[in-house]
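User: I'm new to this one and would like a close look at a single part. Could you walk me through it slowly?

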Amino acid sequence: MFERLRELRKEKGLTCEDMAKLLGLDTKAAYSKKELGRTKFSLDDARKVSRVLGKSIDDIFFTNEVSLKDTKRNTA
């Protein structure tokens, strides 16, 4: 998920500093922590990011990938 977010941000030509300003964060490091998965996005933050990147929240923050663990559990 976080790789997808970074890719979309870069495609739009946005920096971590731009995203920090968008979310009202004091530093680009605060945003970087979110993009790296160290700090969670609030629903409000996710909506703002979604609008700026022109993608749905699902497209940005959720993946359709299924882990091997989930696959084994469902086939048993």
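How are α1 and α3 oriented to each other: roughly parallel, roughly antiparallel, roughly perpendicular or oblique?

Analyst: A quick note before we start. This is a predicted model, where local features need pLDDT of at least 70 and side-chain atom pairs count only at pLDDT 80 or more, while totals for chains, interfaces and linings use all residues. Residues are numbered from 1 along each chain as its sequence is written, and side-chain values use heavy atoms, with hydrogens and water left out.

Now the helices, which are DSSP runs (H or I, at least four residues) numbered from the N terminus. The axes of α1 and α3 cross at roughly 130° and come within 9 Å; these axes are lines fitted to C-alpha atoms over the stretch in contact, with angles from 0 to 180 degrees between N-to-C directions. α1 and α3 are therefore oblique to each other; under 35 degrees would be roughly parallel, over 145 roughly antiparallel, 65 to 115 roughly perpendicular, and the rest is oblique. On the α1 side, Phe2, Leu5, Arg6 and Arg9 make the contact (heavy atoms within 4.5 Å), and they meet Tyr31, Lys34 and Glu35 of α3.

Those three α3 residues are also buried, that is, under 20% relative accessible area with a 1.4 Å probe, protein chains only. They sit on the same side of α3 because they cover an arc of only 95° around the axis, taken from the directions from the helix axis to the C-beta atoms. The buried residues of α3 pack against α2 (16-23) and α4 (43-53) as well as α1 (2-11).

In α4 you'll find aspartate 45, buried with a relative accessible area of 10%. Leaving aside residues up to four places away in sequence, aspartate 45 touches Lys34 and Leu23.

Conventions
Buried < 20%, exposed > 50% of the residue type's maximum accessible area, 1.4 Å probe, protein only. Helix = DSSP H or I, 4+ residues; strand = E, 2+ residues; numbered from the N terminus.
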